[in-house]
Amino acid sequence: MTRYLSRVVCLTEETTETLYLLGQGDRVVGVSGYTVRPPEARHKPKISAFINAKFDKIAALEPDLILAFSDLQADLVAELIRRGLPVVTFNQRSVGEILQMIRMLGGLVGCQAEAERLADQLDAGLDRIREAAACFPKRPRVFFEEWDAPLISGIRWVEELVEAAGGDPIFPELAHCGLAKNRIVDPEEVARRDPDVIFASWCGKKMKKATIQNRPGWDRVGAVRNDDIYEIKSTYILQPGPAALTDGVAQLHAHLKAVALR
């Protein structure tokens with residue numbers, strides 16, 4: 001009998017990426033069909049989307065650990081538990097909770113020291129971004145658009161990364177709302193708050209700039225007038241794991257720097 005878990009199924013991408021960064025990619029035996037990072041993980045059997053899964057295929061893999069994320073996968077988790085399978089569900093919604101998830105996952109697979117180092121490295125990288133952003137002559141006002149219809153503002157870790165990257169979210173009062181339905185905003189209110197920059201990340205579909213530009217009254221918005229509308233692909237920012245804390249925040253920072261120094 002092995003000392004640690006050796007057959008892990010990941011129902012979302014961030015735990016897959018974390019395990020590979022910990023040098024434990026060989027333990028991953030099944031992944032989400034949305035997995036992009038790392039590229040080699042895409043060769044693993046694909047056993048789920050986000051809110052549905054191939055339960056028989058998962059069971060056939062004989063996992064000794066299944067990793068899930070958020071209330072949106074609650075029904076999947078319940079069915080897997082009914083089938084007698086071991087499931088751990090994370091629900092990280094902030095940068096601090098993402099780092100905590102990494103440390104907890106390391107403990108589950110017997111790589112606590114490596115996970116602590118990874119979390120510390122990611123945290124230090126964010127500090128470097130914050131230090132660079134502190135040199136901006138101004139902090140652009142930012143609207144992060146998580147969905148277009150209805151219009152949904154960014155979840156907490158995204159808004160925290162916008163702040164770290166040098167921007168000020170225009171809906172700070174909504175950042176702590178974990179459920180998307182509680183972050184629905186009125187397009188007229190977005191226009192009234194007049195963001196300097198609009199970031200869009202419509203999970204599962206490509207951002208269409210014309211959709212944003214042609215909203216009634218948005219021709220008066222600074223970001224629209226100056227064409228400061230940028231897509232950040234969901235794999236880089238809406239996966240609450242290492243990608244968001246590295247490539248995602250770096251993309252935010254690069255765009256905000258260009259606007260702030262203009």
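Modeller: Happy to! In this predicted model, the largest nonpolar core has 48 residues, and L161 and F199 are the ones with the most contacts inside it. Take L161 as your way in. Leaving aside residues up to four places away in sequence, L161 touches V95, L126, I237, A244, L245, V249 and L252. Apart from this core lies another one, of 18 residues, including L151, F171, V190 and V221. As general background, nonpolar side chains in soluble globular proteins tend to be buried together.

Helix α5 runs over residues 112-133, 22 residues in total. From its first C-alpha to its last it reaches 32 Å, close to the 32 Å expected at 1.5 Å a residue. Its buried residues are A115, L118, A119, L122, G125, L126, I129 and A133. These residues sit on the same side of α5, because they cover an arc of only 120° around the axis. On the face of α5 turned away from the buried side you will find the exposed residues Q121, R128 and E131. As for partners, the buried residues of α5 pack against α1 (13-21), α4 (95-108), α6 (156-165) and α11.

Now follow the chain to the loop between α10 (234-237) and α11 (242-260), where Q239 lies. Q239 has 16% relative accessibility, so it counts as buried, the cut-off being under 20%. The side chain of Q239 makes a polar contact with the side chain of E13, at 3.4 Å. Beyond four places away in sequence, Q239 touches E13, E14, W157, S234 and A244.

A last stop is G154, in the loop between β7 (151-153) and α6. G154 counts as buried because its relative accessibility is 0%. Its contacts, again not counting residues up to four places away in sequence, are F144, E146, E159, A175 and R183. G154 and F143 are eleven residues apart in sequence, and their C-alpha atoms are 8.0 Å apart in space.

Note on methods
Residues are numbered from 1 along each chain as its sequence is written. This is a predicted model: local features need pLDDT of at least 70, side-chain atom pairs count only at pLDDT 80 or more; totals for chains, interfaces and linings use all residues. Side-chain values use heavy atoms; hydrogens and water are left out. Helices (H or I, at least four residues) and strands (E, at least two) are DSSP runs, numbered from the N terminus. Buried means under 20% relative accessible area, exposed over 50%, partly exposed in between (1.4 Å probe, protein chains only). A polar contact is a pair of N or O atoms within 3.5 Å; within protein, one must be able to donate a hydrogen and the other to accept it, and residues adjacent in sequence count only if both atoms are side-chain atoms. Contact means heavy atoms within 4.5 Å. A nonpolar core is a set of buried Ala, Val, Leu, Ile, Met, Phe, Trp, Tyr and Cys residues joined through side-chain atoms within 4.5 Å. The expected span of a helix is 1.5 Å times one less than its number of residues. The arc is that of the directions from the helix axis to the C-beta atoms.
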